[in-house]
Amino acid sequence: MNPLLEATSLFRRGLYENAAKLCRELLEKDDSNLTAHHILGKIAYLRERYDESIRHLERVCDEHCTNLDILIEYGRALRLAGRAKEAIPFLRRVLQSGKTYVAHLELGLALAETSQDDEARRMLEAALTLKPDCPYSIRRLGHIARRQGDYATAIRHYEKLTILFPKTIHSYPDLIKTHLMAGNPQAALEACDACLGFEPACTGVLAFKYIALSELGDSDGAKYLHDPERLVRRIGITPPDEFNTIEQFNRRLSTHILHNTIRTKTPERYTTTHGWQTQNGTLFQNDTELGKQMAKIIDEAVEEYVANLPTDPNHPVFAGAPTATHIESWAVVLEEHGHQAPHIHPKSWLSGCYYVELPEDFGSQPESNAGCIAFGQGEIELHPLRQPETTVFRPRAGDMILFPSYFWHHTYPLQSKGKRISLAFDVVPSKGWGK
């Protein structure tokens with residue numbers, strides 16, 4: 001079979017690694033092969049490696065390109081990489097060439113991300129005229145209204161999603177969040193229960209339910225869901241056999257992270273400030289043996305965590321326990337004033353953090369909690385009625401902390417000129433929560 005046809009066939013069948021390998025071989029022979037660049041760009045996009053996707057797609061998407069689908073792919077990758085301003089000219093070219101709902105949608109999304117709300121609204125409403133059930137247009141119109149403080153209009157948009165797609169989990173989180181921001185935790189709780197009625201272990205909705213219960217003053221209900229004493233566990237790690245000490249292993253891991261990985265510009269949707277992360281899916285791309293060692297460590301820690309959980313089959317951590325999982329991991333390096341805003345890991349079941357290296361003066365920083373991880377505090381606008389309780393865990397190099405992915409967590413700003421290096425990971429259900 002023609003190699004390009006074979007690569008295309010592999011891509012369409014979801015065999016991305018095989019397709020990528022074949023395309024890279026083709027590019028070694030002829031770097032001007034635009035089809036190979038296009039396939040690699042699409043694969044990188046699907047793996048959320050947007051910078052890599054852009055590098056390949058821009059080879060295809062030059063000023064003479066007339067393929068609207070490719071122009072949209074390139075503009076979308078730019079937007080998701082946090083470069084919406086650069087995306088807008090390409091997406092305007094698309095709109096001039098074809099008045100499709102996708103053209104209006106993508107331009108509207110890019111305009112919204114650059115706070116050009118009036119034009120963004122016009123584009124998104126035009127997309128809805130062409131496709132009245134376009135969830136992305138409806139959701140972004142809700143976002144624009146919420147950003148402007150018009151919670152009533154935002155709620156109307158989000159409620160439309162629950163009417164159009166009542167059994168889709170993505171229809172509910174924005175509605176719940178807006179009810180919380182508007183100071184209506186009862187309505188938020190009702191929307192949570194509507195979603196959990198058909199997906200009882202949905203991580204994002206469980207996170208909001210904890211806040212709704214807290215805001216309603218239901219401390220027992222909140223603690224049942226979110227009990228760090230029971231459900232956050234610190235596990236000491238034994239180094240792989242070839243390393244004499246955990247310090248030796250951590251030095252190897254630290255060197256790899258700092259000098260042998262691909263960094264990513266942190267998009268706004270990420271939570272790291274004054275620091276950087278490794279690009280999605282690339283942490284051990286250049287050292288697969290080290291990756292296998294770390295994967296074994298994570299697997300053993302997860303087994304220990306699960307084995308020591310209190311038995312409660314009604315609890316969502318048990319109800320959501322998947323039968324098949326895969327691990328996604330990335331490194332986070334915080335520098336002076338570095339911290340992470342409150343967040344959860346919405347697509348996962350369990351999450352964890354392994355502490356690789358801490359600054360020498362970590363124990364003598366001006367603030368006792370500087371550089372520590374805390375659980376219980378959601379995004380500040382979600383707590384208009386009550387101050388949330390937080391539980392702080394102090395990092396120790398060589399320790400791993402595991403917790404349910406729906407636990408809100410953040411880090412306090414580092415007050416050191418040294419680096420705080422950690423390896424974060426998610427235990428992701430391969431078939432869905434509880435499946």
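In strand 10, Phe 425 is the bridge partner of Gly 352. Strand 5 (residues 350-357) and strand 10 run antiparallel, joined by 7 bridges. This is a predicted model: local features need pLDDT of at least 70, side-chain atom pairs count only at pLDDT 80 or more, and totals for chains, interfaces and linings use all residues. Residues are numbered from 1 along each chain as its sequence is written, and side-chain values use heavy atoms, with hydrogens and water left out.

- Helices (H or I, at least four residues) and strands (E, at least two) are DSSP runs, numbered from the N terminus.
- Two strands pair if DSSP finds at least two bridges between them.
- Strand 4 (residues 325-340) pairs with strand 10 in the antiparallel sense, over 10 bridges.
- Glu 328 stands opposite Asp 426 in strand 10.
- Of the 10 residues of strand 10 (residues 420-429), 10 are buried, so the strand is largely enclosed by the rest of the structure.
- Buried means under 20% relative accessible area, exposed over 50%, and partly exposed in between (1.4 Å probe, protein chains only).
- Arg 420, Ser 422, Ala 424, Asp 426 and Val 428 point one way from strand 10, while Ile 421, Leu 423, Phe 425, Val 427 and Pro 429 point the other way; all are buried.

- An open sheet of 3 strands has the order 7-6-9 and antiparallel pairing.
- Strand 7 (391-393) and strand 9 (409-411) stand at the edges with a single partner strand each, so one side of each is left without a neighbour in the sheet.
- Neighbouring strands of this sheet are turned by 25 degrees against each other on average, direction ignored.
- Strand 6 (residues 373-375) pairs with strand 7 in the antiparallel sense over 3 bridges.
- Phe 375 has Thr 391 in strand 7 as its bridge partner.

**Helix 5 against helix 6**

- The axes of helix 5 (residues 68-80) and helix 6 (residues 84-97) come within 8 Å and cross at roughly 160 degrees.
- Axes are lines fitted to C-alpha atoms, for helices over the stretch in contact, and angles run from 0 to 180 degrees between N-to-C directions.
- The two helices, helix 5 and helix 6, are therefore roughly antiparallel to each other.
- Angles under 35 degrees count as roughly parallel, over 145 as roughly antiparallel, 65 to 115 as roughly perpendicular and the rest as oblique.
- Residues of helix 5, including Leu 71, Ile 72 and Leu 78, meet residues of helix 6, among them Ala 87, Phe 90 and Leu 91.
- By class, the contact of helix 5 with helix 6 has 10 nonpolar, 2 polar and 3 charged residues.
- Ala, Val, Leu, Ile, Met, Phe, Trp, Tyr, Cys and Pro count as nonpolar, Asp, Glu, Lys and Arg as charged, and the others, Gly among them, as polar.

**Tyr 136**

- Tyr 136 lies in helix 9 (residues 135-147) and is exposed, at 52% relative accessible area.
- Neighbours within four places in sequence aside, Tyr 136 is in contact (heavy atoms within 4.5 Å) with Leu 105 and Leu 109.
- Tyr 136 and Ile 257 are 36 Å apart in space, C-alpha to C-alpha, and 121 residues apart in sequence.

**Two histidines with positive phi**

- Most residues other than glycine have a negative phi.
- His 274, in strand 3 (residues 272-278), has a positive phi of about 55 degrees.
- His 274 is partly exposed, with a relative accessible area of 46%.
- His 337, in strand 4, has a positive phi of about 70 degrees.
- His 337 counts as partly exposed, at 45% relative accessibility.
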